[in-house]
Amino acid sequence: MKKIVLTGGGTAGHVTPNIAMIPRLEAEGYDISYIGSYDGIERKLIEELGIPYYGISSGKLRRYFDLKNFTDPFKVLKGYGEARKILKKLKPDIIFSKGGFVTVPVVVAAGRLKIPAIIHESDMTPGLANRLCMSSAVKICCNFPETVEKLPADKAVLTGTPIRQELMTGSRKAALSFTGLSPAKPVIMIIGGSLGSVAVNNAVRQILPQLLEDFQVVHLCGKGKVDTSLENTPGYVQYEYIKKELADLFALADLVISRAGANAICEISALKKPNLLIPLSANASRGDQILNARSFEKLGYSKVMEEEEITPEALLAAIRDLYQNREQYIQAMNQSRQMDAISHIVNLINENAR
């Protein structure tokens, strides 16, 4: 049996594309193992699937001053030693990495052990973790045509991002039963990423009374970010995190308000949901979400508001405009050529496996 090690972690966006690949890899006859951090979100998501999971030490490489910058390199070195030991034990034929700092020790160790590694970059510009892995990788998959120009020519492959196929099979009826919402009024779903977004949550809750005049709201607000004062508000339901029922909630949603992580926006566009993107501010990130969002805006798939532009009046106006013009966004997304990312990547895996 062929063996593959998947790696990626830190946020759900670094795990869900790996999860999307698992059914196809199993069908291709691969024995799958996963390497992630000791206690990151990836551990719970992968162990629920019954995939063997190996935790390693992980340190973040920051671009700003932090006392942890003096200790985290030692965590990375420890993670490298642990990853090397695990890979020598598992003897995989290939590694597939979805990014996040936990992947750096894994991919570098694979390179030293002559195990081919394929890495995937979802964002417009490669993140630091993937940049550190490039020299050890045999191929670098990417999501945007613009990204190809920023990668080594002999390694870059435009594949798109793997989309979880179960998202395409949601039931509106099941979602109405789950949420208790009415079928007679349009539904907005708010997604702030797996960790939630305080800025998006606050902005939406500030205009909730006005929103509920015309819409119902499904709010995925992140762990620890439920507002108990809003419980039992008619037309409004909130959840920390949804996994099993997510496809049903997407089927119910008429509009989606989301951060602009590449995996999230690719899933939203694949589902043809009119969307308002509020990218993570450049003050709190390297600006990749802004580039992702502006690319989708240019294609006509999304409406975009940056955090600094948000006022209650502006946000409410943007949502109403998006709903009024929703058909033109759906039409633009219907005209897009969705890449079969899973087939592209699995073919690459088969071609490069030892």
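**A friendly walk through the fold**

Visitor: Which residue in β5 is the bridge partner of Ser97?
Guide: In this predicted model, strand β5 (residues 117-121) and β4 pair in the parallel sense over three bridges. Strands (E, at least two residues) and helices (H or I, at least four) are DSSP runs numbered from the N terminus, and two strands pair if DSSP finds at least two bridges between them. In β5, Ser97 is bridged to Ile119.

Visitor: What pLDDT do local features need here?
Guide: Residues are numbered from 1 along each chain as its sequence is written, and side-chain values use heavy atoms, with hydrogens and water left out. As the model is predicted, totals for chains, interfaces and linings use all residues, side-chain atom pairs count only at pLDDT 80 or more, and local features need pLDDT of at least 70.

Visitor: Which residue in β4 stands opposite Leu6?
Guide: On this side of the sheet, β1 and β4 pair in the parallel sense over four bridges. From β4 (residues 94-97), Ile95 and Ser97 point one way and Ile94 and Phe96 the other, all of them buried; buried means under 20% relative accessible area, exposed over 50%, and partly exposed in between (1.4 Å probe, protein chains only). Opposite Leu6 stands Phe96.

Visitor: What radius of gyration does the protein have?
Guide: There are 15 helices and 13 strands in the protein. For 354 residues the globule rule gives 20 Å, where the rule is 2.2 Å times the number of residues to the power 0.38 and the radius is taken over C-alpha atoms. The protein comes close to that, so it is as compact as a globular protein of that length, with a radius of gyration of 20 Å.

Visitor: Is Gly13 buried or partly exposed?
Guide: UniProt, in an unreviewed entry, places the feature "binding site" at several residues, Gly13 among them; its positions are given in the numbering used here, feature names are shortened, and annotations may be inferred rather than shown by experiment. Gly13 sits in the loop between β1 (2-7) and α1 (16-27), and it touches Lys98 and Asn263, not counting residues up to four places away in sequence. Its relative accessible area is 23%, so Gly13 is partly exposed.

Visitor: How many of the nine residues of helix α11 are buried?
Guide: The cover over the buried residues of α11 includes α1, α10 (246-252), β11 (255-258), β12 (275-277), α12 and α14 (326-334). Among the buried ones are Asn263, Cys266 and Glu267. Helix α11 (residues 262-270) is largely enclosed by the rest of the structure because the number of its nine residues that are buried is eight.

Definitions and conventions: Contact means heavy atoms within 4.5 Å.
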